[in-house]
Amino acid sequence: MKDSEHLPPFSVRESQRARRVILKIFPGKGLEVVIPKGFDRKHIPSIIHEKKEWIEEVFNKFRMRGQYLAESAPSLPQVVNLKAVDRLITVQYRPGPASRMELIESPDSHLEFIGNVNDSAMCRQLLRLWLKHQGHRHLVPWLHRIGEETGLVFQKTQVREQKSRWGSCSSKGTISLNCKLLFLPSELVRYVMIHELCHTIHLNHSPSFWASVAKLEPRYRVLDAGVNAAQSHVPPWAR
């Protein structure tokens with residue numbers, strides 16, 4: 001869904017009595033999506049998007065009354081949006097034995113936690129490990145493709161979870177990519193990769209380095225500014 005990054009934070013409640021999807025907004029709680037038992041959660045983002053104008057109207061009414069809305073992102077996500085690779089993944093939390101915690105990924109872009117789902121710290125840890133795996137799965141082949149396309153050679157690549165850098169290149173030609181790049185628009189990710197590949201020739205930010213970047217990406221100034229402001233694309237649970 002093209003506008004999925006603009007979805008408001010929401011919670012999901014499964015109801016035995018519900019016959020259809022119902023959207024509710026409460027002061028102090030925010031948007032709640034009530035779904036019938038067995039409803040396919042991957043359809044939730046598109047339903048919210050269809051009701052976007054109504055949701056914004058109700059939110060504005062609450063604000064005008066001075067009523068607090070829980071608009072900060074939830075500690076654990078209901079949806080993970082990997083913009084870089086155009087994947088929207090729904091997340092479900094199914095309580096189970098307190099001694100067990102498992103994260104299962106289905107082929108239909110669905111994640112399911114099973115076990116002690118009240119342990120939010122463990123859930124976040126598993127999500128971050130999953131994100132790093134997605135980085136190896138998507139970012140590494142992508143970098144190889146751009147390397148072949150540009151003719152720039154690197155020795156090896158790593159996927160890490162850096163706090164402040166989107167990527168880096170060592171003097172030995174090792175390119176490290178931040179797994180959180182997956183949350184960014186694809187054009188920004190491509191630019192980061194071109195930027196780091198150019199460091200295999202110029203291990204600095206000299207005029208020669210920027211000339212190499214400009215040759216491969218004429219829009220580098222606009223994209224570089226976008227990358228500098230890109231932390232806003234990263235959801236709180238992944239920061």
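## How the model is read

The model is predicted, and for that reason local features need a pLDDT of at least 70 and side-chain atom pairs count only at pLDDT 80 or more, while totals for chains, interfaces and linings use all residues. Residues are numbered from 1 along each chain as its sequence is written, and side-chain values use heavy atoms, with hydrogens and water left out.

## Overall build

The protein chain contains six helices and 10 strands, where helices (H or I, at least four residues) and strands (E, at least two) are DSSP runs numbered from the N terminus. Taken along the principal axes, the box filled by the C-alpha atoms of the protein chain is roughly 65 × 45 × 25 Å.

Of the 239 residues of the protein chain, 45% count as buried; here buried means under 20% relative accessible area, exposed means over 50%, and partly exposed lies in between, with a 1.4 Å probe and protein chains only. Among the contacts in the protein chain with a separation of 6 or more, 49% are made by residues 24 or more positions apart, a contact being heavy atoms within 4.5 Å.

## Salt bridges

A salt bridge is a side-chain nitrogen of Lys or Arg within 4 Å of a carboxyl oxygen of Asp or Glu, and by this rule the count comes to 10 salt bridges. One of them joins the side chains of Glu 112 and Arg 94, at 2.7 Å from N to O. Glu 112 lies in strand β7 (residues 110-115) and Arg 94 in strand β5 (residues 87-95), so this pair ties together parts that are 18 residues apart in sequence. Glu 112 is buried, with a relative accessible area of 16%, whereas Arg 94 is partly exposed, with a relative accessible area of 40%.

Another salt bridge is formed by the side chains of Arg 219 and Glu 187, at 3.4 Å from N to O. Because Arg 219 lies in the loop between α5 (207-216) and α6 while Glu 187 lies in helix α4, the pair ties together parts that are 32 residues apart in sequence. Arg 219 is partly exposed at 41% relative accessible area, and Glu 187 counts as partly exposed at 42% relative accessibility. The side chains of Lys 42 and Asp 40 also meet in a salt bridge, at 4.0 Å from N to O; Lys 42 is partly exposed at 41% relative accessibility, and Asp 40 is partly exposed with a relative accessible area of 32%.

## A buried arginine

Arg 41 is found in the loop between β3 (30-36) and α1 (44-50). When residues up to four places away in sequence are left aside, Arg 41 touches Val 12, Glu 14, Ile 35, Gln 78, Thr 90, Val 91 and Gln 92.

## The second largest pocket

The second largest pocket has a volume of about 310 Å³. Of the 17 residues that line this pocket, the closest to its centre are Trp 166, Gly 167, His 195, Glu 196 and His 205. A pocket is an open set of points on a 1 Å grid over the protein atoms alone where a 1.4 Å probe fits, with protein on both sides within 12 Å along at least five of seven lines, and lining residues have an atom within 4 Å of a point.

The elements β9 (167-169), α4 (186-198) and α6 (220-228) each supply at least two residues of the lining, and the largest share, four residues, comes from α4. The lining residues divide into seven nonpolar, seven polar and three charged.

## Two partly exposed residues

Ser 75 lies in the loop between α2 (52-64) and β4 (79-82) and counts as partly exposed at 47% relative accessibility. The C-alpha atoms of Ser 75 and Pro 235 are separated by 9.3 Å, although the two residues are 160 residues apart along the chain. Not counting residues up to four places away in sequence, Ser 75 touches Arg 124 and Trp 237.

His 144 lies in helix α3 (residues 120-150) and is partly exposed, with a relative accessible area of 38%. From C-alpha to C-alpha, His 144 and Thr 157 are 9.2 Å apart in space, and they are 13 residues apart in sequence.

Definitions and conventions: Grid points are joined across faces, edges and corners, and a volume is the space filled by probe spheres set on the points. Ala, Val, Leu, Ile, Met, Phe, Trp, Tyr, Cys and Pro count as nonpolar, Asp, Glu, Lys and Arg as charged, and the others, Gly among them, as polar.
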